[in-house]
Protein chains: 2
Amino acid sequence: MTQAKIRHALSVTREADFAAWYQEVIAEAEMAEESGVRGCMVIKPWGYGIWERIQHLMDARIKAAGVQNCYFPLFIPLSYFAKEAEHVDGFAKEMAVVTHHRLIQDGKGGLVPDPEAKLEEPLIVRPTSETVIGQAMSRWVQSWRDLPLLTNQWANVVRWEMRTRMFLRTSEFLWQEGHTAHADRADAMAETLRALEMYRDHAESDLAMPVIAGEKPENERFPGAVATYSIEAMMQDGKALQAGTSHYLGTGFAEAAGIKYQDREGGQQLCHTTSWGVSTRLIGGVIMTHGDDDGLRVPPRIAPQQIVILPMLRDDDGDEALLAYCEELRAALASQWALGEPVRVLLDKRAGKATQKRWGWVKKGVPLILEIGGRDAAGGQVSVVRRDRLWREDGKVNFVAQSREEFLAAAVGELESVQASLHAEATARRDAQIHRGVTDLAGLEAFFAEDKRYPGWVELGWSRPTGAALDAVVATLKALKLTIRNTPMNAEPVSGTCPFTGEPAVERIYVARAY
Amino acid sequence: MTQAKIRHALSVTREADFAAWYQEVIAEAEMAEESGVRGCMVIKPWGYGIWERIQHLMDARIKAAGVQNCYFPLFIPLSYFAKEAEHVDGFAKEMAVVTHHRLIQDGKGGLVPDPEAKLEEPLIVRPTSETVIGQAMSRWVQSWRDLPLLTNQWANVVRWEMRTRMFLRTSEFLWQEGHTAHADRADAMAETLRALEMYRDHAESDLAMPVIAGEKPENERFPGAVATYSIEAMMQDGKALQAGTSHYLGTGFAEAAGIKYQDREGGQQLCHTTSWGVSTRLIGGVIMTHGDDDGLRVPPRIAPQQIVILPMLRDDDGDEALLAYCEELRAALASQWALGEPVRVLLDKRAGKATQKRWGWVKKGVPLILEIGGRDAAGGQVSVVRRDRLWREDGKVNFVAQSREEFLAAAVGELESVQASLHAEATARRDAQIHRGVTDLAGLEAFFAEDKRYPGWVELGWSRPTGAALDAVVATLKALKLTIRNTPMNAEPVSGTCPFTGEPAVERIYVARAY
């Protein structure tokens, strides 16, 4: 294969500059752009369409588990954070603070917050709704009959970020936050792990993004949590992306918010609570898992459009028959089902050159692109390219001519195949980049010090140190710009010695650079 | 009929105190509650479930029109409002103003906004996204090929309200805002009226809420709009509720934001823009249109659950067979389609007395409620009540016993019938409360001065005064606590004299008290 012949659609390759490539995919696939408001992005139709697909699939999973959606206020009174602050030395939180409720003219042609309209108590734009939901739960839970209480919210949240990156870290982002209350530890832990498994399966089945589900080390726990679990995905630069978290919170949050119930015997008990969330960050994960040097590739399950039909219009008498043929094709595809839903197909009739439009859809990553010319229409043919098999060996775009009937019979299978191929490709790459055999700290250092641009992850056995011993490990890793990702669930037993403590290893962990 | 025998589920009737009744419905149907944050509510699962249904149905209508969803930032820089302020004498806007981005400890155990983290330019929590979307459009529109540009956003917005009422007027509310840009007036006006018709049909078909679509008088136009249209619904207390608006904005907003395009001849043109929105206010409209003295009645199309099955559990050996029978019934119903979608049916297995659970669902307004006892299960029977025909003439709950097969064959038709009946009932009531025959101001005053608690609306012909003449009319009406709702679309021509100006009437208007 002579790669040199291929003229890729993007100006930067993943190999040359992964960060610049990431930004270019987002711009060229028209997913999002800077808004002019610091750290906040405008999510454009293609990016938002992917988010709608993620929401749709995740929401069905959430509802199937019996969780009910609610909506809680955007604003949280300052005092709700005071309790949290008591426990934290040098507490400082990057949050958006609302202090006034009116604007007036300043007499110099500008506007200012009206000093007369200063709030008695400042309001915080929610960074998470933990505290207000806890308060609501304390009202809603009275008796064991009210348990488990399973709630979820789809919302925007704000965390003032100094360094932002679209989808991965923005001051405002969109997410869902599940919050549940249970009668006992076993039930709460089961819910924590149910949410984790829901995320794992969503990532693998819907996003075609392989992940490792596991428990975060103690130092990475959500503040106040008894246990934090995550799904971790490997991006194409070998870095880890934490793509979803699920927390077992014990009774601490219930105690702070007063979430109590009367048990069957009439006694008062504290609830055990959980929380779990995924966000628009998932879209960043999809880009860095499936994108290539021609732009995004969207797994069919989350593609806003799975098939795009491009009529090669010529502004002449033949256009009418061509459009009629394409419209009939569109309708025939839309009446089919793929991956459990009606096929999403768009007939792109916009003005403009067909080739330019084609490259627009290639960069957006539509799974199947059809180009139909007047001769195809007359002969009952279609010309189709799979986005995941874009190039022929000779460097030409891999369009395949088929009869209309052949294509209609094969389309559903092709979409399923794209979904499976993207997952298989990402899994093979991830697995090849998980390195075992590092047995000591020097080996670890050497591995990441090698002049590999995208070294991947190291899997090793450790002794699960806690407290000061763990802090020492974290500091050692930090000096190498490394982090512990998680301890995988249901892993094979481990033997050997912990490279950090010299004690016997008791479980596996992944060590990696991370977003 | 001896109404005295009926013991209604609510403690307040519509007749006795409509405002208190409204609050009681919301509380007893568990739709929403105060959040502890001024003017912001917590939307509970049943209220949010109705909103999700509204979103689902409206979003399908929006997408079918070729409009694409996007997401714009929550925050808008203060300076974006300055231009607006220039045109407004004594400009003062009730908006939430973010001035700081960090909290720190005050040294006295409390928290304060960090003075070091004061924003250079305050940010406003969006009261609408008009300005940021206008700025985005100015980037996205270059050529006639980019038009029409059809965007929509589902979002939360904040308008600081001094007097709030749940769903009708809250400081934070949820809505969709459509924003579109067009090449010319005709295309923009067509979009304005398409959105108006979409809202009208949604209200009538989905919410079973009759509305009058028409143009607002000049004084009620959205600031800067060339024409504003609304749908107006009559609540059971005879007041009008503006339930949705659609604005033709001319080229004024395009000029302010710089939304220009190159036409086919290469010239620069300003776009004509529109905007249109509906909000969680619709839920308030549904309550005040369909609620009765037993709580809410939800039209099946927007009911989170259309059928609830209540097994009369006895905590004995018979429960297992009863639950199996109910589960089979649930599955048989869930496999049917009603009103274009799979039937939404819930088997309520929660602990608790069946009667208490029944009244909970009555107050929530589920269209069909089934109670199944052990004997029903053994005999293949069901006992069913339609929420819109709750009472028998003898004051007992109108449960009807049917064979399982009879019920399964009839269920879809029953749901369709409830949807149609609620609409017919509301329409008949609305039509009976629109009064014609008022020909002069004295008559108008007398009509509303009569000791009717819920007088309804007056339809009359007027001369469509503008400017100062209109101001005088508005002032006259205001003194009577009345407002002009709108001029209905496609109405019959009108004759006679305008009661306000004495000039010949040229069009119809509705005069009413309003929310």
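**Close-up views of a predicted two-chain model**

A:Ile62 lies in helix α2 (residues 45-64) of chain A; helices (H or I, at least four residues) and strands (E, at least two) are DSSP runs, numbered from the N terminus. This is a predicted model, in which local features need pLDDT of at least 70, side-chain atom pairs count only at pLDDT 80 or more, and totals for chains, interfaces and linings use all residues. Residues are numbered from 1 along each chain as its sequence is written, and chains are lettered from A and ligands numbered from 1 in the order in which they are written.

Figure 1. A:Ile62 is buried, with 22 other C-beta atoms within 10 Å. A residue is called buried if 20 or more other C-beta atoms lie within 10 Å of its own, exposed if 12 or fewer, and partly exposed in between, with C-beta atoms placed from the backbone. Leaving aside residues up to four places away in sequence, A:Ile62 touches A:Val67, A:Asn152 and A:Gly178; two residues are in contact if their C-beta atoms, placed from the backbone, lie within 7 Å. A:Asn152 is 90 residues from A:Ile62 along the chain, and their C-alpha atoms are separated by 8.0 Å.

**Figure 2. The relation between chain A and chain B.** Two copies of a chain are related by a rotation about an axis and a shift along it. The superposition is by least squares on the C-alpha atoms of residues with pLDDT of at least 70 in both copies. Among the residues of chain A, A:Val98 comes closest to the rotation axis, with its C-alpha at 2.1 Å.

**Figure 3. The contact between the chains.** Chain A contributes 56 residues to the contact and chain B contributes 57 residues. Strand β6 (residues 97-100) of chain A gives the most to the side of chain A that touches chain B, with 4 residues. That side of chain A has 35 nonpolar, 12 polar and 9 charged residues. In this classification Ala, Val, Leu, Ile, Met, Phe, Trp, Tyr, Cys and Pro count as nonpolar, Asp, Glu, Lys and Arg as charged, and the others, Gly among them, as polar. Of the interface residues of chain A, 100% are also interface residues in chain B, so the copies meet through the same surface. β6(A) pairs with strand β6 (residues 97-100) of chain B in the antiparallel sense over 3 bridges; two strands pair if DSSP finds at least two bridges between them. The bridge partner of A:Val98 in β6(B) is B:Val98.

**Figure 4. B:Asn156 in strand β10 (residues 149-158) of chain B.** B:Asn156 counts as partly exposed, with 19 C-beta neighbours inside 10 Å. Not counting residues up to four places away in sequence, B:Asn156 touches A:Leu74, A:Asn156, B:Glu172 and B:Leu174. B:Thr128 is 28 residues from B:Asn156 in sequence, and 9.0 Å separate the two in space, C-alpha to C-alpha.

**Figure 5. The packing of helix α2 (residues 45-64) and helix α5 (residues 185-206) of chain B.** Two packed helices are described by the angle between their axes and the distance between the axes. The axes of α2(B) and α5(B) come within 11 Å and cross at roughly 145°. Axes are lines fitted to C-alpha atoms, for helices over the stretch in contact, and angles run from 0 to 180 degrees between N-to-C directions. B:Leu57, B:Met58 and B:Arg61 in α2(B) meet B:Met198, B:His202 and B:Asp206 in α5(B). The residues of this contact comprise 3 nonpolar, 1 polar and 2 charged.

**Figure 6. Strand β26 (residues 457-462) of chain A.** In β26(A), 6 of the 6 residues are buried, so the strand is largely enclosed by the rest of the structure. In a regular strand the side chains alternate between the two faces of the sheet. A:Trp457, A:Glu459 and A:Gly461 point one way from β26(A), whereas A:Val458, A:Leu460 and A:Trp462 point the other way. Strand β25 (residues 434-435) of chain A pairs with β26(A) in the parallel sense over 2 bridges. A:His435 has A:Val458 as its bridge partner in β26(A).
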